[in-house]
Every structure is written in structure tokens, then in C-alpha cells.
Amino acid sequence: MKTQIGEPVRRREDLRLLRGRGRYVDDIHVEGQLHAVILRSPWAHGRIRSIDVSAALESPGVVGVFTHADFGEQLRTMPLRLSGIPGVEAFLQRPIAVDKVRFAGEPVAVVVAETAYLAEDALPLIEVDVEDLPPVLDWESALEAPALLHEAAGRNTASVSVSRGDADAAFRDAPYTRRESFKIHRHTAIPMETRGLLAEWNEAEQVVTVWGATKIPFYNRSILASMMELPEAAVVMKVTDVGGGFGVRGEFYPEDFLIPFLARKLRRPVKWIEDRQEHFLAANHSREASCNLEIACDLDGTILGLRGEVMFDIGAYIRGTGTVSPTRSAQFLPGPYTIANFACTVNVYVSNKTPIGTYRGPGRVEANFFRERLIDMAARDLGLDPAAMRRSNLVPKEAMPYDIGRLVAYEGPVQFDSGDYIALFDEALREIGWQEKAAIQGRMVDGWYHGIGLAPFSESSSGGPKEHARLVLGDGGGIDLFVGSTNTGQGHETVFSQICADELQLPMDAIRVICASTDQLVDSIGTFHSRSAMMAGNAVRITGGSFRKAIEALAADYLGRPNVPVEWRDGAFFRNGEPQSVTLADLARFAAERGEKVDVTDVFLNETLKPFSGGTHAVHVAVDPRTGRVKVLDCIAVEDIGKVLNPLLAHGQALGAMVQGLGGVMLEHLQYNEEGQLLTASFADYLMPTATDFPNVRSKFMDLDRAPGNPLGVKGGGEGGIVAIAAAVANAVSAALAPLGVEVRELPLTPSRVWKMIRDAQA
Amino acid sequence: MTVHRLECVVNGEPVSAEIEARLTLSDFLRHDLRLTGTHIGCEHGVCGACTVILDGQAVRSCLMFAVQASGRSIRTVEGLADGEALSPLQQAFQDHHALQCGFCTAGILTTAHAFLSQEPSPSEERVREVISGNICRCTGYLNIVEAIMAASSHYGGRHEDADR
């Protein structure tokens, strides 16, 4: 039978999604469902004096209006999922404002009514009296602010320091050093489907069922169980189709407590569907950071040391993944280079803005931008070709596995497991035409300055030590595969059926893939850190093997000759040399007669070696100096993600991530005014990439490597496309505008900002 | 709240309903008719996820009241395929991996179908221009453009098909 792994198999989920038969959370309807809408603070910072809901309660169709007092006396904070910075626990958020509001968008009250229209009618009738407090809007003022956001914390900051080697000694002796400051702007994931939940309370069984779970349903189940004071078994998280996640969707948010709690309180199903403005205000933001970074080199370009500090504005509260971008930025600052001496202080600051969380490439996008800009500047100072300087510092293949030290506090020492960064870099140079285009680097052609930028990267994946899979033989002989790794558009149903089909030597159509709700699988860590192909994929493979053993044993029993070997072929078992076969349907019937069911769960464990992918982004831009407009003429990501399970889908991930990254560099910007109001809370104000913006994007996977730490040999493929785009574009724009003295130190590169950089450099 | 009578045709079937004037066409399709293939991404006409075909024209169903569809013929994503088989445009989307999460897809399919029915031989640039009114966050659009170009051969000269 033909192997499915590695083939560009068309997606199975498309048959459903293309015909409008997907089942996203707002498509689910439970009889008697009520609708919730949330009153969000219009103030960035203030003390709540009173909330009057009496007029709202009189509004037609309103079932109830709820404020903090209605959610129990001990309203708990939502826990950190990953820590890593001591002291941030003091900034945890309660699901609804109690005495203060700390950002515009924070939930203050919930209206529940018979329809969403009626609930929205009542919303403006709630009267909230708030004493204004001065807002803290950036990390610099968070330091000096007279106003503490969290009085009990006594401070607006927290920090941690990490290092490897001896950076200060390296700098003391270095013949060349340079220090620079960089800044990356606030932007975020913005999936096309906003968040949403439907919760139903079963009074007889004392069970709450929640539809709309994604990313980490099993983890969120335990948080919700704890906050509602229920046993975990009394909380069922139902997985649905999901309209994009990118890290932001699916974390435990305030609504993930408020809506199920109200369904129990009201004994009626309650649905909440976020609107787009709410999403901009309430779902996690990301990326906003500053960095002071210093490089030490030999005169031949050998990097001797790197040291610095990063400053992340985490918004008003620390949320589940709020420390990930800051801590990972430190880990990824040295990048794919042999920089022996490195030190970094990671500082986070609270501000009266929307809290941050992880967004595709968290910390990597930021770190790669900071470092790669500084390397270009150093190469220019030293009179070196920036490509040659990078190449000579990349970790060579022979040095693998390469120890990168203990740079994230909640992890042990980490290694690059494998990879040929130099080969990937050379291929990117060829693809972009580095040598051929040297003649136009920084030159004006027909009114446009041309520039080519490079940014090599390393990228980790597959965190979380285990993933389960479950295979069930159905009554008719069909096979159901349950995976815990939720699907937010990656094509899990296709990839996992490819793996399972190969393992069972069956056609893909014989296997139905179900992204498991919490009542369908024993456990799952979830979908993040580009971990599904590696962790869930290997779990499927292992479980396939166990399932085959189980049905082989059953077949031997069925044939009444347990010690005679049976042959598995074309979806049936054959006794040696005999034409009569035993089908899966026969076995299912046989098992049922014995009161059994073939239902196999197995687990893939990976405690140690996490796969690091690698690659290089190369970008050719043209810049109009009169308008500041940047055109992307060519943009390539060359990556090695180990074994490519499905090239159609892997390229889809890379291209999508690249355009998303280009949007982040050139269009998208979450901007606040001096009162802490988000000015860009709609698609009219927050510009997303459209089909006309970035037509020249290419992705290439070099099939050089197999991850040594897992049987499939795969590495994560979901984020490499985005991680160094900002770095490469910023280098390309700087190269283009070098004759005008422009060095990009701040993003985004919108026309007005590029124009201003040109004007400032000329002044 | 005054109730209005709405009579229209949805995917070839006559529909009549008593509705409030303020009910949007997108909410009517999704929640009253349970045609949930039409999605809502922004409710202010920018993202294009809710696009349906109204008498042959691609329109944003979040920007119309349902009562405005009185006497009109509406085609949603559920009405694009003939039976269980994918339409040539849908098939091209699968072949070219032109969707990931699938949330924007209904709006892009309806936009492209109405467009190709009127302009069956577009340039790639023209396709990009037409679908630049639909936001997709997953694909980066490259495969979407390829799919629409590939499907265009199936529309040659069949202008009358726009609202079949």
C-alpha cells in the first residue's frame, strides 16, 4: 500500500468546510439558550464607586444583570499557565472587575437576555460610577508612575536575569562593541472567528458542558473546575471547528469562567459570542517590547558576546501565557549563532492596556528583529559583508547537538537537537539572488531604493511532555481516531489520518479523525508551540501500533488458533495460505459478542530532546523615498522542519505565517491615545494584509534533517514562517535607505513612519 | 417592536418569515434559517466573511437588514454545490489548499463565484483586486488566488449562471 506520509494529500476537512457545514461555536444551538453580552470598562484606569443595574434589569427580555458580587465571595484570579518571572503572580486578573478597572475592555458586568439583540439593548442602561485614575501607558512611565496598578503588589514591574558564559568578560576584552536600542510595536493574532462560548448546566447530573474550547481544553477544564468548585469530571469541554487561533484564542479568559458560571446560576444554557471590537479590546495583545542590546566582536566579525535587557509592556494583568514572549525573547536573542557569552535581563511592566499573551512566534519575532538589526549595523561598522559575517557565526552542523544553556527559568538546559543552519542560509542567499543583486543594494532604480535583507533563525517546538491518542474499532468495522490536539485550521484530520493509515496499512478513508473533547480522551496538553505534528503525530503512530497488536490478538482468537500467525493485508487478516479472511467488521462483532470493544489509548512521551527547526528569511524590498511606501518584491523562507508530513499543508503554514508576519511589520498596529483608549479596535483602523498587499512570497523546505528525538523525525512547522520576517524586512529597508542614513530601530514600517525616518535622517 | 413579513428565495427555496426590521440578513440566515455556513467576522462590512449572492451580486449580509431582501433571491455557501459533489470552484479550493480554518471561506467562495460568473477570464491581478475585500488570516491569499484562477475555466461564457 502506498505510503501517505510525505504526500501532498488534499484535506479531508475541506469537504465539510467548503460546503458551509463546519460547526463553529456560534453554529451550535441548544434549545432554550440565553445570550450574554458583556459591559466592558470604557476607562483605562479607575476606581469603581458604584454600579447601578436597575434600569437594565427592566429592559425587555433581560433575565439577569450580574456584577462581581454575583460571582461568589471568593472570586478567584485566573492562574498562570507558564511562569518564569518571579513576582508576576501579583498581577493576576479576576474574571470581572471588583474594585478597580485597569484597562479599557475589562469586564464590569454581564447582561443575559433572551436574545443577543435584547441583551445589547440593555447594556447601555447600566450605570457605572468610576473615579478616574491616571493611566500608565508605557514601560517608561510604569517605572516612574505615582499610580500603582496593583496596590497590593507595591510595584509595576517584575524581572528575571538569564545568562550563559561570561558576557561582561567578553565585552571587557573585545576590540569592537556597539550598543543600540530597538522597539517593536503592539500587534496581535486577530483570528477571523472571534471568541465564543456556549455553556449548559445539567442540574440532575451537576455537570457543566462548554462548547467552544480550543487550544488547551483539558487544561482549561481543570481551571474551570477549580473556579466553579466542581470535580474535573463534572466539566466537559466540547471541541468545535475553530476559525483560527495563532496562540491567542483558547487560553483561559474571563468569559471562560463567567459564561459557565451563569449557565449554572440561571439553570439555562448561555451563549456568548464576542464581537470584533470586543476582540480587539479583550483578547490578548502581543509583541510590544523594547530592547537595549550590545554586541561584542572581533574585527573579523566573530561574535564574542551579546548582552542586554528587554522591556515588555504586558498590559494590565498577567494572563496565562503573559510571561512567554518576554522569557522566550531572551532565549532566542543569541539566535542560531555560536555566541558563547550572553546575558539578558527580562523586565515586564504593567500598564493600563489590554493584557498580552502568546502570538505565533512569541518572543522569537521580537528577539530576531533586535539581534539581526544589530548584526547588520556591526557588519557595516566592521566593513564586512553582512552575509559573510552571519555565515561565519552560525552554529555548524558538526556542533550538533548544541547546548544553548538554561535561558528560560521554567526549563532545564536546552539543546539545538540537529540542523544545518549554514546550508539553509546558503540556500536562502541563492533563492533571493544575494550576489546578483549586490549591484542594486542601496541603489535607486526608477525612483525606488532597493534593499535586500537577511535573517537566519532557530525555532523551537513541541513543548509539553506528552500527548495521547485513542483508536476505537466501531461496530461496523470503522475506525475512530481521537487526538487531543485541537485543530484551529492546520489540517489535523488529514495529517493524523495519513499517519494512522500508514501505521495500519489502511486507506485514509477507513479512519475518522476526531479532535477530542475532554470526555473522549484521557488527557491532552493541547495545541501550541507548533507541537501537534510532533507530539500528537507520534502519539497517533504509537497508538496505531498498539491498536494493531490488539486486533491481531483478537483475530488469532477469532480464528481459534492463537499461536498461528495471521497476515494483515487490504484491511483484513489472513491465515497463512488460506483464502478466507477476517475483516474488521467481523472482529468488531466478535469483540461485541464477548462483551468487549477494541478501544486502545496510548501515549507519546518526550521529556528531553525538543526539536529545533531552523532557516533563513530573505527579503527584497523597494522603498519610495517620497512617500515612505515599501514594496515587497521577493520574500523567501528557507526552512528545515525535519520530515515533512504533508508538503501541501506545510507550505500553507509557511506562506500564511509569512504574510501574517509582513502584516505585522508593515500594516498592523494597536495604538492607544493618552487616555488609554484603543484607537484601532476595528478592521477599518487595524489594517490586516489583503490579497493585493504581498503577492511575492515563497516558501522552501530543505529536506536535510530528521529530528532525532521522535520516531516520525518531524519538527514544528507552524511558526518558522513568521519568526524572522520582521528582522529581514527591517534589514532590507535599512539596506535600501543606507544612502540616506536610515537605520530601522523601530517597527512598524508604515509609509508615514518610513517617510519620517528618512526625514529625520536627513535633518 | 414592529414585525414585518419577509418573502424571498434562499438557495432556490421560497422562504417566508415574520421578523423585526432591525434583524440583519446575516443573523436571519444564521439563526432563523440555521444556514450557519455564512460567517460573521466584523459586523461592519470590512472582512467579507458574511458575503452572500443577492440576485447575482456579492453583498455583505451583515450590512443589510433581512427585510431588504424581500422579493430577492439569495444564494449562500450551502447553495454553491450541486448535491454532494463540490462545485468546480470549491474543488479548486481543495486542490490548491486555499483554506485553512475555513472561517473566511464562505465569503471568498461567494465573492469569487459572483465575480467569475460576470468576468470568467480575469487576470491574476484582477482576482487579487476583487478578493482584496475579503480578509483571510490563515493562507496569505496565494493559494486562494491560484484556486480562483484555476476555477475560472469552468465559468467561460456562462454569465447567466450567477444565480442559478
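How many residue pairs are in polar contact across the interface of chain A and chain B? The rule finds 23, both partners at pLDDT 80 or more; a polar contact is a pair of N or O atoms within 3.5 Å, where within protein one must be able to donate a hydrogen and the other to accept it, and residues adjacent in sequence count only if both atoms are side-chain atoms.

This is a predicted model, in which local features need pLDDT of at least 70, side-chain atom pairs count only at pLDDT 80 or more, and totals for chains, interfaces and linings use all residues. Residues are numbered from 1 along each chain as its sequence is written, chains are lettered from A and ligands numbered from 1 in the order in which they are written, and side-chain values use heavy atoms, leaving out hydrogens and water.

**View 1. A salt bridge between the chains.** Here B:Arg30 pairs with A:Asp26, their closest N and O atoms 3.0 Å apart. A salt bridge puts a side-chain nitrogen of Lys or Arg within 4 Å of a carboxyl oxygen of Asp or Glu. The interface of chain A and chain B has 7 of them.

**View 2. A salt bridge within chain A.** A:Arg698 and A:Glu431 meet at 2.6 Å, N to O. A:Arg698 is partly exposed at 30% relative accessible area, and A:Glu431 is also partly exposed at 22%. Partly exposed lies between buried (under 20%) and exposed (over 50%), using a 1.4 Å probe and protein chains only.

**View 3. A network of salt bridges.** Look for A:Arg371, A:Glu372, A:Arg373, A:Asp376, A:Arg380, A:Arg390 and A:Glu743, linked together by salt bridges.
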